[in-house]
Amino acid sequence: MDSLGGIVIWGGVALASGIAGAVLAGVKNRDLSAWTAWSFILPPMVLVLLLLPKRQGPRPRQPRLDAGEETGF
């Protein structure tokens, strides 16, 4: 296998891992965007997410960029 084949395989693994991370984060009631990104960058993070218990309560959300700003107009 040449280097191009390795890059293609790594890309496929990263893409599949990102999708699996998003699905698992939804099932486990975790932050979808954070777990999708970490699973895409580091595919073994899917295993970490798989071992975490299901979270109770509302799903955590990232704060909006303008949440702390007040309109002074």
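Q: Is Asp-31 buried or exposed?
A: This is a predicted model. In it Asp-31 counts as buried, because its relative accessibility is 13% and the cut-off for buried is under 20%.

Q: Where does Asp-31 lie?
A: In the loop between H1 and H2.

Q: And what does Asp-31 touch, leaving out residues up to four places away in sequence?
A: Ala-25, Pro-60 and Gln-62.

Q: OK, the fold. How many helices and strands?
A: There are 3 helices and 0 strands, and the pattern along the sequence is α-α-α.

Q: Is the protein compact or spread out?
A: More spread out than a compact globule, because the radius of gyration is 17 Å, well over the 11 Å that the globule rule gives for 73 residues. The C-alpha trace spans about 60 × 35 × 15 Å along its principal axes.

Q: How much of the protein is buried?
A: Buried residues are 22% of the 73.

Q: Surface next. Which residues form the nonpolar patch?
A: Leu-15, Ile-19, Val-23, Val-27, Trp-38, Phe-40, Ile-41 and Leu-42, with about 810 Å² of accessible area together. Helix H1 (3-27) and helix H2 (32-41) are the elements that give two or more residues to the patch.

Q: Which gives the most?
A: H1, with 4 residues.

Note on methods:
Residues are numbered from 1 along each chain as its sequence is written. This is a predicted model: local features need pLDDT of at least 70, side-chain atom pairs count only at pLDDT 80 or more; totals for chains, interfaces and linings use all residues. Side-chain values use heavy atoms; hydrogens and water are left out. Patches are made of residues with over 30% relative accessible area and no salt bridge: like charges are joined within 9 Å, nonpolar side chains (Val, Leu, Ile, Met, Phe, Trp, Tyr) within 5 Å. Accessible areas come from the Shrake-Rupley method with a 1.4 Å probe; for residues, only the protein chains shown count as cover. A salt bridge is a side-chain nitrogen of Lys or Arg within 4 Å of a carboxyl oxygen of Asp or Glu. Buried means under 20% relative accessible area, exposed over 50%, partly exposed in between (1.4 Å probe, protein chains only). Contact means heavy atoms within 4.5 Å. The radius of gyration is taken over C-alpha atoms; the globule rule is 2.2 Å times the number of residues to the power 0.38.
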